[in-house]
Amino acid sequence: MVIFKYFDKPEVFTGLKDTASPCDTCGEVKMCFDAELFYGWEELSSICPDCLASGKLYDKNVFTCQGDIEELKGQLKWMNPSLDNEEIHRVAIQKTFELEKTTPHLIKWQDWNWPCADGDYCKFIGYGSKPLYEELAQGASAKDFFRNSFYSIEEYFDHLWDGVLSDKRISNFEDSNKFVSVFYVFRSLHSDRIITIWDCS
Ligand SMILES: [Zn+2]
């Protein structure tokens, strides 16, 4: 499977179409992502993993997600105080373009933006569950780890941990789809920082 910078194992965590179909950019009949879920003016029905990863959407008015660019600019500025605003803007636009044009589509309920950490967009690594946070916490308190991973302030994390978060591992998109509340887990590309975004129908 093709490697994506911002999305781990998309064949498992978002899935490909059930049958082979012609890719709208290379024309080959192969297993493709469902491009009808993408955003933008141009309509595509299928794109193969190779075409998506290699940037075939760059010259189309199509994007697969939306990056949290204002937060990204803030982080870049904080990390590079000597750069002027024009340079920060240029770097942020370039990273956002790469994210939005080469990342498989993440299926979610609400319209939140792709998170960033350490001056870059994060990589989606799976759906949150107690076993996953226990593994990520590496022996520390998994509940504290869960609380500290929220991208925005979450007041009800006790309730989320005790009553909402799955006790069982959620290993693929089909499993995640059985829940009305889903925790999307991301990892920084530049540190061990984990980000959680909670979403519900
Ligand atoms: Zn293709």
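Me: Where in the chain is the place of Asp-118?
Reply: Keep in mind that this is a predicted model. Strand E5 covers 116–117 and strand E6 covers 120–121. Asp-118 sits in the loop between strand E5 and strand E6.

Me: And what is the phi of Asp-118?
Reply: Most residues other than glycine have a negative phi. Asp-118 isn't a glycine, yet its phi is positive, at about 55°.

Me: Is Gln-138 buried or exposed?
Reply: Gln-138 is another non-glycine residue with a positive phi, near 50°. You'll find Gln-138 in the loop between helix H5 (130–137) and helix H6 (142–148). Gln-138 has 9 inside 10 Å, so it counts as exposed.

Me: Which residue of E9 is the bridge partner of Tyr-184?
Reply: Strand E8 spans residues 181–187 and pairs with E9 in the antiparallel sense, over seven bridges. A hairpin of six residues joins E8 to E9. Within E9, the bridge partner of Tyr-184 is Ile-197.

Me: How many residues of strand E9 are buried?
Reply: Strand E9 runs over residues 194–200, seven residues in total. The strand is mostly covered, and the buried count is five.

Technical notes:
Residues are numbered from 1 along each chain as its sequence is written. This is a predicted model: local features need pLDDT of at least 70, side-chain atom pairs count only at pLDDT 80 or more; totals for chains, interfaces and linings use all residues. A residue is buried if 20 or more other C-beta atoms lie within 10 Å of its own, exposed if 12 or fewer, and partly exposed in between; C-beta atoms are placed from the backbone. Helices (H or I, at least four residues) and strands (E, at least two) are DSSP runs, numbered from the N terminus. Two strands pair if DSSP finds at least two bridges between them.
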